[in-house]
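The sequence and structure come first.

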Amino acid sequence: MQIQKDNVVTLHYTVSTTEGEMIDSSHEAPPMSFLQGSHFMIEGIEDALAGKVKGDKFSVNVDPDKAYGERHDDLIQEVPSDMFEDMDVDVGMSFRATTDDGEQSVMIIDKTDTTVTVDGNHPLAGMSLAFDVEVVDVREATVDEIKHGHVHGEDGCGHSH
């Protein structure tokens with residue numbers, strides 16, 4: 001079966017910078033399953049998977065526009081440190097912040113006695129990424145999986161829609 005929209009794809013992956021620095025790998029855990037076309041995976045990987053079959057192994061470089069987007073300087077903001085009163089914050093910490101655009105993940109990238117600088121960009125924004133992918137399995141999604149937009153386990157998904 002060739003991978004197409006609304007198939008459940010199970011795969012292993014390794015992602016690195018295009019310079020070869022490994023960022024993440026699924027090989028130390030069970031393989032990942034997702035619904036093709038649900039945007040669970042970045043666009044560049046979903047595009048590369050189209051037409052592949054169980055057992056295929058391939059490498060693909062994905063540019064930022066098909067991965068985590070370009071970096072945006074306006075997502076970096078210096079805020080008064082008293083906004084974090086009663087919190088022990090350090091550079092590298094991530095947390096959810098309420099912004100004008102709703103809830104957003106931000107990372108603390110700098111800290112002084114009076115200010116904290118937060119970055120709302122995805123940590124991999126602006127980077128071209130190199131993926132090594134192995135397609136472990138492909139199957140038709142169930143009607144409920146398609147309706148819910150995600151893969152269900154053996155016992156369903158634990159919620160109703």
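## Accessibility classes

A residue counts as buried under 20% relative accessible area and as exposed over 50%, with partly exposed in between. D47, at 45% relative accessibility, is therefore partly exposed. The model is predicted, and side-chain atom pairs count only at pLDDT 80 or more.

## The D47–K66 pair

The structure contains 7 salt bridges. One of them joins the side chains of D47 and K66, with an N to O distance of 3.3 Å.

## The D119–R71 pair

Side chains of opposite charge can pair when their charged atoms come close. In the salt bridge between D119 and R71, the N to O distance is 2.5 Å. D119 is in strand β8 and R71 is in the loop between β4 and β5, so the pair connects parts that are 48 residues apart in sequence.

Which accessibility class does D119 fall into, buried or exposed? D119 counts as buried because its relative accessibility is 6%, and the cut-off for that class is under 20%. R71, at 39% relative accessibility, counts as partly exposed.

## The K111–D90 pair

K111 and D90 form a salt bridge in which the closest N and O atoms are 3.6 Å apart. This pair links distant parts of the chain, with K111 in strand β7 (residues 102-111) and D90 in the loop between β5 and β6 (94-99), 21 residues apart.

The relative accessible area of K111 is 37%, so K111 is partly exposed. D90 counts as partly exposed because its relative accessibility is 40%.

## T115 in strand β8

T115 is part of strand β8, which spans residues 115-119. With 16% relative accessibility, T115 counts as buried.

Which residues does T115 touch, leaving out those up to four places away in sequence? The contacts of T115 are E78, V79, P80 and S81. Strand β8 also holds D119, the partner of R71.

Methods
Residues numbered from 1 in each chain as written. Predicted model: local features only at pLDDT ≥ 70, side-chain atom pairs only at ≥ 80, totals over all residues. Heavy atoms only, no water. Helix = DSSP H or I, 4+ residues; strand = E, 2+ residues; numbered from the N terminus. Buried < 20%, exposed > 50% of the residue type's maximum accessible area, 1.4 Å probe, protein only. Contact = heavy atoms within 4.5 Å. Salt bridge = Lys/Arg side-chain N within 4 Å of Asp/Glu carboxyl O.
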